[in-house]
Amino acid sequence: MSIMGPIEKEELMSSDQIARTIRRLAREILDHNRGQHGLALVGIRRRGVPLAERLARAVWEMQAVKVPVGHLDINLYRDDLSTVATQPIVQSSEIDFPLSQKIVVLVDDVLFTGRTVRAAMDALVDYGRPKAIQLCVLIDRGHRELPIQAHFVGKAVETDAVEMVEVRLNEIDCREGVLLVEPAS
Amino acid sequence: MSPEAIAPESGASTPPTSRGGPVSFNAKHLLGIEPLSVDQIQLILETAKSLREISTRPIKKVPTLRGKTVINLFFEASTRTRTSFEIAAKRLSADAINISTSSSSIVKGETLVDTARNLEAMAPDVIVIRHSSAGAPHQLAGTCSACIVNAGDGAHEHPTQALLDALTILDHKPTLKGLRVAIIGDIAHSRVARSNCLLLGKMGARVTVCGPPTLLPVGFDRIGSADGSLAVTDRMDDALEGADVVMMLRIQMERQREAFFPSVREYFRYYGLTARRMRSAKPDAIIMHPGPINRGVEIASEVADGPYSVILGQVASGVAIRMAVLYLVIGGREHPSRALEG
């Protein structure tokens, strides 16, 4: 009897589609916040960080506006620390610009239960009081456990709760694409 | 955006990995450096680096250990270490309670185990203990269900000091591997020397310990790795020759029950660190001291306050290391780990 690994069910996004989606999201963020000053992007570690960097690059190419980018590690703000077996590895948060009067767009790869975003908002307000917080995700896969919605969604996907959405980005994974994966039974 | 903005994902701040996967701490207590693996030491150092940023924020607090209780049980005088543990606990939102000998039942004759059992009844999550007897934390670990952190036991170990020293060195040197470290002073009474020899040995540094023969225990060269990376000498200039790091130890008058050297003046003459002596060390050598310093006994003021002194950096590293240790030992162990998704 062989041990089955996770099964790749479907490619949700190709490398090209990710690139196009980033440009569209950057356009939506700019349109939504038209006439507003003080836009900032904060990527949630790990894959939100390269996505935030790419969005900032796209905004620069469209409007020659330089948007500051920060990195947020949410592990210290998790709501399940007392139930996990071993502590998650904490990486540093780097937000080297003041948040007050900024419209902060939180960036993450997948929106699922909403708990990561809840933790990210708690983490963010410890750095200061932004004028507004908005949320941008590459994939919204449903199954929310908290009242949280994204302002900007790359692609909404209907999923089964046990399925996994794997976002692969060159900066971290050395390959590019979004996959729907079913865990081995 | 700057290229360095994404560097931590691929570069130096990547979490330590063992055979591809991230390591977990997997230890309930921190009793000493001796039982720690290289991976565990690296995990503590990397976690401390990440947590350091919290102390630079306007609001120096994260909710991570909310509802956890940390008891600082100190049977020996301490300002630096106790305050450091207390601040570390508070920055992580844990409740910290300090108990020192003068204000406790210990003066009324209660034994260590009885004291611990009574504290245990109040359900603390961590007991940080400093005791004049080697092995006191190990005894508590055997009788209590709380996590035990050794904050110094007799002349045995002081693990968080060695960890904060390593973190401080890494602020100035790229790696511990191959580094030449001189540890000079009262080796016999020093738990700091022992923990540092063990840690630096595990991490591949080359350590020379130095002190008057009366303060150099026989067989000390067998501490840590058996590969001969530890050298022992009673000549200070030999220890300083080519050193990258010079660690001075305090002469612990309170632990010395007999005369180990004729006078403080003579000690300073042979083993006191001066600017002239430092010329034997590498030009970019850093000078460390676990504190409290005795000016004019083991270290001259010109050196303690000089440009190569990182003594105050050690104190700052201390809070970050103790935050990392509390965070890593405390975590619940009730259920298997599950990544927080979405």
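Modeller: First, the term. On a 1 Å grid over the protein atoms alone, where a 1.4 Å probe fits, a pocket is an open set of points with protein on both sides within 12 Å along at least five of seven lines; its lining residues have an atom within 4 Å of a point. The model is predicted, so local features need pLDDT of at least 70 and side-chain atom pairs pLDDT 80 or more, while totals for chains, interfaces and linings use all residues. Residues are numbered from 1 along each chain, chains are lettered from A in the order written, and side-chain values use heavy atoms, without hydrogens or water.

Now the space. The second largest pocket holds about 610 Å³. That volume is the space filled by probe spheres set on the points, which are joined across faces, edges and corners.

Who lines it? The lining has 32 residues. Nearest the centre are Arg80(B), Thr81(B), Arg130(B), Gly291(B) and Pro292(B). Four helices of chain B each give two or more residues: α3 (80-91), α6 (159-172), α7 (191-202) and α12 (311-330). Helices are DSSP runs of H or I with at least four residues, strands are runs of E with at least two, and both are numbered from the N terminus. The largest share belongs to α12(B), with seven residues.

Sort the lining by class. Eleven residues are nonpolar, 13 are polar and eight are charged. Here Ala, Val, Leu, Ile, Met, Phe, Trp, Tyr, Cys and Pro count as nonpolar, Asp, Glu, Lys and Arg as charged, and the others, Gly among them, as polar.

Gly291(B) and Pro292(B) are joined by a cis peptide bond, with omega about -10°. Pro292(B) sits in the loop between β11 (286-288) and α11 (301-304) of chain B.

Next, follow α3(B) to its end. Leu92(B) lies in the loop that runs from α3 to β4 (95-100). Leu92(B) is buried, at 0% relative accessibility; buried means under 20% relative accessible area with a 1.4 Å probe, protein chains only. In sequence, Leu92(B) and Leu326(B) are 234 residues apart. In space, their C-alpha atoms are 8.7 Å apart.

Then look behind α6(B). Helix α2 (38-51) of chain B packs on α6(B), their axes coming within 10 Å and crossing at roughly 65°. From α2(B), Ile41(B), Ile44(B), Leu45(B), Ala48(B) and Lys49(B) make the contact. From α6(B), Leu163(B), Ala166(B), Leu167(B) and Leu170(B) meet them. By class, that is eight nonpolar residues, no polar ones and one charged. The axes are lines fitted to C-alpha atoms over the stretch in contact, and angles run from 0 to 180 degrees between N-to-C directions.

Last, step back to the whole chain. Chain B has twelve helices and eleven strands. Of its 342 residues, 56% are buried. Among contacts in chain B with a separation of 6 or more, 73% join residues 24 or more positions apart.

Methods. Contact means heavy atoms within 4.5 Å. Buried means under 20% relative accessible area, exposed over 50%, partly exposed in between (1.4 Å probe, protein chains only).
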